[in-house]
Amino acid sequence: MKYHFNEIEAKWQKYWSEHQTFKAENHADKPKFYVLDMFPYPSGAGLHVGHPLGYIASDIYSRFMRHKGYNVLHPMGYDSFGLPAEQYAIQTGQHPAKTTEANITTYRRQLDQMGFSFDWSREVRTSDSDYYKHTQWIFIQLFESYYCKDSDQARPIAELIEVFTQEGNTRINAVCDEDTPVFSASEWGAYSDVEKQEVLLKYRLTYLSDTEVNWCPVLGTVLANDEVVNGVSERGGHPVVRKKMKQWSMRISAYSERLLQGLDGLDWTDNLKEMQRNWIGKSVGASIAFKIQHSAFSIEVFTTRPDTLFGVTFMTLAPEHELVAQISTEAQRSAIQNYIEATAKRSERDRMSDVKTISGVFTGAYALHPFTGEQIPIWIGDYVLAGYGTGAVMAVPAGDDRDYAFANFFKGQVGMSDIKNIFDQDISETAFTDKGGFKLQNSDFLNGLDYKEATYKIIAELEKIGAGSAKVNYRLRDAVFSRQRYWGEPFPVYYKEGMPQLIASEHLPIILPEVEKYLPTDDGKPPLGNAHTWAWDTIQNKVVSNELINHQTIFPLELNTMPGWAGSSWYFNRYMDAHNKTSFASVEALQYWKDVDLYIGGSEHATGHLLYARFWQKFLFDRGYVPVDEFAKKLINQGMILGMSAFVYRWDYESTNNRQKTIFVSKNKMESIVQERAQAGMKADNEKKWSQFTPIHADVSFVNASDELDIEALKNWRPEYKDAEFITEANGKFFVNREVEKMSKSKYNVVNPDDICTQYGADTLRMYEMFLGPLEQAKPWNTAGITGVHGFLKKLWRLYHNGLEESFFVSNEPASADSLKTLHKTIKKVDEDITNFSFNTSVSSFMICVNELTEQKCNQRAILEPLAVLLSPYAPHIAEELWEQLGHSNSISNAAFPVFDEKYLVESTKNYPISFNGKMKFTLELPLDLTQEEVKNIVLNHEKTQQILEGRTPKNVIVVPGKIVNVVG
């Protein structure tokens with residue numbers, strides 16, 4: 001019986017599916033263990049070999065924990081709302097649901113063929129109405145909640161309304177908008193219904209407001225900060241501008257401190273936790289108000305260095321700051337407007353990261369120093385962000401590098417004061433930014449004080465004159481929750497007198513309607529404005545043509561959809577009870593599974609999905625819907641499998657008639673061509689024409705393991721290469737250059753796992769991906785190296801089979817001491833490796849083990865049966881087949897993991913090297929419990945010793961117990 005891996009793998013994949021081998025129960029006598037992968041967006045390209053890395057690791061751990069006696073939940077689903085399917089719909093007219101379904105079919109086939117032990121009975125898709133019904137319900141709960149600072153948790157908005165009715169909001173300590181009015185109970189009672197709703201929106205955890213957003217005109221939608229790269233959309237590279245729009249937002253900022261403190265209790269990577277800490281960006285300082293000269297307005301700034309207040313020489317506002325238009329003088333208005341338009345084309349991330357570009361415009365207005373009354377010129381600059389702090393900074397060039405550079409750049413211009421040194425330090429070359437090692441000067445009543453003393457005093461004095469107070473600030477801003485897209489969750493919202501109203505929970509889900517086209521309407525409404533009939537109807541309400549008809553009164557519906565992160569912010573809870581019709585999960589299921597024990601995914605989600613998911617989990621915990629306030633105990637970020645790109649070099653040869661010829665030069669011929677042209681006496685100004693070589697990506701499928709290019713394949717690949725010339729090596733071969741890059745379709749370096757599974761098998765692919773290196777590190781793919789792992793599996797197979805016919809042959813005879821030692825040292829190593837997620841070293845251990853057992857000619861059941869279980873998490877198909885051949889009728893996944901026994905590693909004998917005058921002549925195996933004298937006598941009486949000594953009496957015999965014997969003289 002040969003190792004027919006394709007047949008074996010198909011057989012066991014079918015078995016697992018038919019028997020639902022990996023289906024988890026919500027109630028079991030076993031302890032629970034929940035392993036989760038970040039579920040994928042099903043793209044049209046399917047999976048490449050880089051994608052399964054994390055899935056393989058999580059699957060190994062899931063299978064390992066089942067062997068250890070745990071009830072393991074290891075589900076999989078799809079984050080199936082997304083922009084690519086919508087863009088395809090715009091281009092082709094095909095409904096995103098149809099595209100998504102086809103893509104999911106491909107993904108499912110690929111995932112199944114790799115032997116993952118997913119519980120497919122719990123599959124979720126965020127685009128299924130049965131799923132997003134609950135996403136809509138969570139939105140409703142957020143809308144109906146506010147954040148109480150006294151209890152430090154979300155509370156029902158109804159409680160707030162009751163307090164307003166009884167005593168107004170004078171004693172309310174809650175998170176709200178800064179412009180929230182103060183009112184009494186009688187004033188609240190006098191408000192109109194619309195006015196009350198406007199006030200409540202300032203408290204709700206999801207609310208409508210005019211917000212600065214990243215607007216992509218080509219895509220016709222708002223993008224999150226993490227969807228904008230270098231000022232263009234991550235998807236498609238389209239220009240993005242900043243503009244104000246009325247948007248739904250999530251008040252995640254209310255949870256800033258809890259999100260920060262919660263990190264301390266999580267077993268997540270230090271790097272990821274630091275990324276979240278930086279994104280949340282807690283700062284302790286003071287809020288200071290600067291009155292604007294000849295104006296009723298004032299500018300509020302937040303600063304972490306109030307001790308430097310007397311060093312302020314100018315102020316900078318974000319170009320989007322609401323006061324810019326109101327305070328700018330007529331003389332400066334044109335320059336201001338031009339600057340604002342230019343800034344709108346840059347993303348916030350670009351502005352934050354660009355520390356080299358210095359730009360700004362003077363507004364013509366002045367603020368007044370709160371203590372001295374001195375005029376302070378007001379500028380705008382794109383290094384200040386409207387969404388961080390107050391969108392304004394007090395510039396202290398003496399103590400801040402950016403302010404220092406800004407002041408020097410605009411030195412001498414109208415509206416720029418000289419730098420004032422407030423430290424007893426030299427600032428002639430650079431700002432002094434330390435918080436220690438100085439005393440203040442030129443600072444009025446702060447002179448002679450250090451940082452701590454001055455900070456305490458200045459805040460006290462600011463509070464005395466009503467110009468400021470101590471404050472804690474966070475960089476984390478509320479998350480925009482609207483998208484002008486079709487393919488997303490509809491909001492359960494309609495509008496009455498311009499105010500948002502909720503559609504009752506019993507009418508959920510609000511089904512995404514059909515539309516004729518997926519672009520915005522002619523009058524600028526989102527794509528849902530194209531819908532004629534919504535798939536929702538009740539006895540009391542019906543929806544027709546984007547309007548809610550309720551008792552003959554017509555109300556417009558919300559036409560935006562929710563962002564992509566909505567469905568992914570709670571999916572881990574849905575897996576616990578995926579088919580529950582009445583709630584997102586039952587109390588019993590939530591109490592049993594509680595949280596994810598192991599979460600595996602990429603670090604690129606640190607400040608997106610992982611932050612939003614923690615926010616939603618904490619909210620649901622506050623409202624009593626989940627039992628824990630963090631959803632994942634342990635998180636591991638898998639590294640990236642990089643592609644080995646292939647480059648052909650085009651020789652940019654220019655002929656005498658200026659016609660460009662397409663000539664490709666083999667890797668090793670380029671240098672010789674340059675040398676030949678130089679020797680031919682070419683002039684320097686012409687040399688470039690002959691020696692410019694442009695690297696061009698070639699599809700890696702055209703290149704063999706020796707880096708030789710299939711020339712005909714390249715010619716047929718693109719029409720422009722059909723008549724290209726190829727300068728080959730002397731042997732007629734053409735070689736490409738190789739470089740390691742991110743695996744991507746655009747680089748033509750993608751390796752399809754389907755091909756690997758067909759040629760080598762899924763077990764080989766699984767083991768090879770683990771063998772490439774530590775899970776957390778990036779590592780290059782090299783298909784040539786996979787043959788070694790495949791050869792190992794064939795060698796493993798031969799351990800269980802005998803003879804030319806490879807018939808199954810396992811003996812029931814007792815195992816040798818050597819084989820038991822090999823087995824148990826492997827058990828120990830593999831157990832430790834999986835526990836520590838060191839999967840790559842386990843593969844090496846397996847190879848050593850099989851090599852040793854082969855040398856020992858081991859075929860004993862006592863060794864080979866536990867070896868099959870040991871290997872099962874890594875190579876489940878071959879393990880299942882061998883387990884069945886060993887006579888078992890049940891799946892190997894239910895077998896107990898082998899237990900390490902130290903006694904088999906204890907050495908009872910030692911193979912001593914016997915040396916004569918320091919030169920080893922032979923070895924002698926002796927019991928370790930012998931005394932030195934006994935060892936000495938045995939060695940001297942040995943026949944080989946007698947032959948070497950030839951009757952001579954040695955001067956000395958040195959015995960080092962357990963190590964060596966040396967006969968001297």
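Two strands pair if DSSP finds at least two bridges between them. With that in mind, welcome to a set of close-up views of a predicted model.

**Figure 1. Four strands side by side make an open sheet.** Reading across the sheet, the order is S35-S34-S37-S36, and the pairing is mixed. Strand S35 (919-927) and S36 sit at the edges, where each pairs on one side only. From one strand to the next, the twist averages 20°.

**Figure 2. Strands S36 and S37 run antiparallel.** Here we look at one pair from the sheet. Five bridges join S36 to strand S37, which covers residues 964-968. To find your bearings, look for Val959, which stands opposite Val965 in S37.

**Figure 3. Ile958, Val960 and Ile964 make a nonpolar surface patch.** One of its members, Val960, belongs to strand S36, which spans residues 956-960. How accessible is Val960? Its relative accessible area is 31%, so Val960 is partly exposed. Membership in a patch calls for over 30% relative accessible area, and Val960 has 31%.

**Figure 4. Arg108 and Asp112 meet through their side chains in a salt bridge.** Side chains of opposite charge can pair when their charged atoms come close. In this view, the N to O distance is 2.9 Å. Both residues lie in helix H4 (residues 96-113), and because they are four residues apart there, about one helical turn separates them. Arg108 is partly exposed, with a relative accessible area of 26%, and Asp112 is also partly exposed, at 30%.

**Figure 5. Glu167 and Arg171 form another salt bridge.** The N to O distance between these side chains is 3.2 Å. Are the two partners buried or exposed? Glu167 is partly exposed, at 29% relative accessible area, whereas Arg171 is exposed, at 66%.

**Figure 6. Lys747 pairs with Glu741 in a salt bridge.** The closest N and O atoms of this pair are 3.8 Å apart, and a salt bridge needs them within 4 Å. Lys747 counts as partly exposed, with 23% relative accessibility, while Glu741 counts as buried, with 18%. Elsewhere, salt bridges that share partners join Glu101, Arg108, Asp112, Glu123 and Arg125 into one network. For the structure as a whole, the count comes to 47 salt bridges.

Figure 7. How many disulfides does the structure hold? The number is zero. A disulfide is a pair of cysteine sulfur atoms within 2.5 Å. Cys176 is partly exposed, with a relative accessible area of 29%. Another cysteine, Cys757, is buried, at 5%.

**Figure 8. Asp267 and Asp597 are 330 residues apart along the chain.** What distance separates their C-alpha atoms in the model? The separation is 9.9 Å. Asp267 can be found in the loop between helix H9 (256-262) and helix H10 (270-280). With a relative accessible area of 41%, Asp267 is partly exposed.

Terms used. Residues numbered from 1 in each chain as written. Predicted model: local features only at pLDDT ≥ 70, side-chain atom pairs only at ≥ 80, totals over all residues. Heavy atoms only, no water. Patch = residues over 30% accessible without salt bridge, like charges linked within 9 Å, V, L, I, M, F, W, Y side chains within 5 Å. Areas by Shrake-Rupley, 256 points an atom, 1.4 Å probe, with all protein chains shown as cover. Helix = DSSP H or I, 4+ residues; strand = E, 2+ residues; numbered from the N terminus. Buried < 20%, exposed > 50% of the residue type's maximum accessible area, 1.4 Å probe, protein only. Axes fitted to C-alpha atoms, helices over the stretch in contact; angles between N-to-C directions.
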